Amino acid sequence: MVNKIWMSVVKEFLLLKRDLGGLIILFIMPLVLVITVTLIQDSTFKTISDNKIPILLVDKDKGSVSKTVFDNLEKSNLFSVVTQIDNQPITEELAKEAVYKGKFQLAIVIPENLSVDLQTKIDQNVENIISKMGLTETDTTDTTAQAEKHKVIKEKEVKLYFDPAVQMSFKNAVMSSIDKMISQIETKSIYTTFQNQLGEGTVEFDQKSFITFKEIIPKINNKEVRPNSVQHNVPAWTLFAIFFIVIPLSINIVKEKSQGTFVRLLTNPVSNLVVIMGKTITYSAICMIQFYMMVAVAVFLFPHIGLPSLNIEGHLFLMSVVALFSGFAAIGFGILLGTVANTQEQSAPFGATSVLILAAVGGVWVPVFAMPTIMQYIAKSSPMNWGLEAFYDVLLRNVSFLEIIPKISLLFLFFIITTSIALFYDKKKRTV
């Protein structure tokens with residue numbers, strides 16, 4: 001029995017050795033993929049945090065508010081403010097055209113009389129509050145003051161023009177930042193107006209923010225664990241590479257059927273189960289080689305190309321376990337696909353497409369939490385999601401072996417179910 005399984009394993013390796021294109025897909029492509037994607041994402045993070053984005057500012061106000069907005073934008077680590085193009089002041093139409101043509105990502109238009117009208121509105125509100133408290137006497141002889149008090153102030157709009165190609169996440173971040181900035185200006189103006197109304201030196205308001213935010217970073221061995229692009233990308237694209245064995249595995253099974261190899265195997269005293277076990281052992285070894293190659297690249301090569309190194313200290317064993325069971329799930333799916341497909345033209349395109357769908361649904365490309373509610377439920381049925389969450393549990397959440405058992409059990413159950421369906425389908429087909 002052991003000798004038959006060994007010979008089946010040797011046969012699978014010989015088939016792979018003859019398929020140079022399949023070997024390239026299995027080993028070279030995943031490495032190129034993980035390096036390219038991680039470089040792109042890491043450079044994107046650095047662009048946002050290290051390099052300032054030029055934005056257009058159209059100042060129709062020429063007052064204290066617009067000056068404060070300008071100063072705050074200049075002090076930020078995100079933006080550099082552009083107020084002139086070709087030594088000419090920027091108009092709203094010029095800014096709109098430049099942004100919509102993609103020359104700038106953002107233009108901010110400060111409306112006319114914003115500073116004056118904001119102060120007038122605050123004065124009205126503060127005067128109303130103080131008068132109701134009986135702290136001031138109303139002077140009916142000052143008609144100018146009375147007219148100013150009852151003047152209707154319309155709401156002001158700070159217009160934001162975005163490049164149509166800009167992502168929604170960038171828009172939301174900018175709008176939130178601008179909204180916070182304007183709110184701080186309004187709050188400061190309100191405090192200042194109260195001080196003026198109550199009399200200088202009567203009361204001192206602390207205008208610093210009372211509520212602040214602090215991120216609590218998880219610690220392991222008294223060291224802060226800060227997730228980076230490498231820790232997210234390596235597990236995700238390792239899984240993608242592991243599941244890509246579906247293509248060569250299913251193609252080889254179809255070849256065996258079309259060339260009569262499978263029939264010759266069955267005429268010998270070799271059961272279908274032995275053939276399946278041979279394929280499982282062979283492709284499990286390939287999955288683990290893929291996994292260790294990806295880890296080696298992330299640990300040793302990434303620091304030399306400007307990327308953070310993957311920290312696998314204390315995690316490698318559990319990561320290997322997750323990779324092995326993820327490989328089982330991929331092998332089961334490949335065996336099922338190869339058994340059902342009749343031609344290579346059926347197995348190859350369907351295998352590639354199905355792996356892409358499983359990756360998309362499983363959270364390899366887009367985080368599951370960012371998906372619509374119905375897709376979040378569907379994602380939980382993807383074996384890639386089980387494997388990805390198990391990798392994250394080990395690498396980022398520092399869980400124990402017992403805590404990943406449910407996820408690796410699902411992966412192994414997927415292997416058992418798909419392999420059983422393949423065996424049943426093949427037996428049923430041969431008896432018809």
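β1, helix α3 (residues 64-75) and β2 form a right-handed β-α-β unit; right-handed means that, with the strands pointing away from the viewer, the path from the first strand over the helix to the second runs clockwise. Helices (H or I, at least four residues) and strands (E, at least two) are DSSP runs, numbered from the N terminus. This is a predicted model, in which local features need pLDDT of at least 70 and side-chain atom pairs count only at pLDDT 80 or more, while totals for chains, interfaces and linings use all residues. Residues are numbered from 1 along each chain as its sequence is written, and side-chain values use heavy atoms, with hydrogens and water left out.

Reader: What is the mean pLDDT of the chain?
Author: pLDDT is the predictor's confidence in each residue, from 0 to 100. In this chain 80% of the residues reach 70 or more, and the mean pLDDT is 79.

Reader: Which residue of β2 is the bridge partner of Leu56?
Author: Two strands pair if DSSP finds at least two bridges between them. β1 and strand β2 (residues 79-82) run parallel and are joined by 4 bridges. In β2, Leu56 has as its bridge partner Val82.

Reader: Which residue of β5 is the bridge partner of Leu56?
Author: Strand β5 (residues 106-110) pairs with β1 in the parallel sense, over 4 bridges. The bridge partner of Leu56 in β5 is Ala107.

Reader: How many of the 7 residues of β1 are buried?
Author: Buried means under 20% relative accessible area, exposed over 50%, and partly exposed in between (1.4 Å probe, protein chains only). Strand β1 (residues 53-59) is mostly covered, and the number of its residues that are buried is 5.

Reader: Which parts does the pair of Glu92 and Lys60 tie together?
Author: A salt bridge is a side-chain nitrogen of Lys or Arg within 4 Å of a carboxyl oxygen of Asp or Glu. Glu92 and Lys60 meet in one at 2.6 Å, N to O. The pair ties together parts 32 residues apart in sequence, because Glu92 lies in helix α4 (residues 92-100) and Lys60 in the loop between β1 and α3.

Reader: Is Lys67 buried or exposed?
Author: Lys67 forms a salt bridge with Asp71, the closest N and O atoms being 3.1 Å apart. The two residues are 4 apart in helix α3, so about one helical turn separates them. Asp71 is partly exposed at 27%, whereas Lys67, at 53% relative accessibility, counts as exposed.
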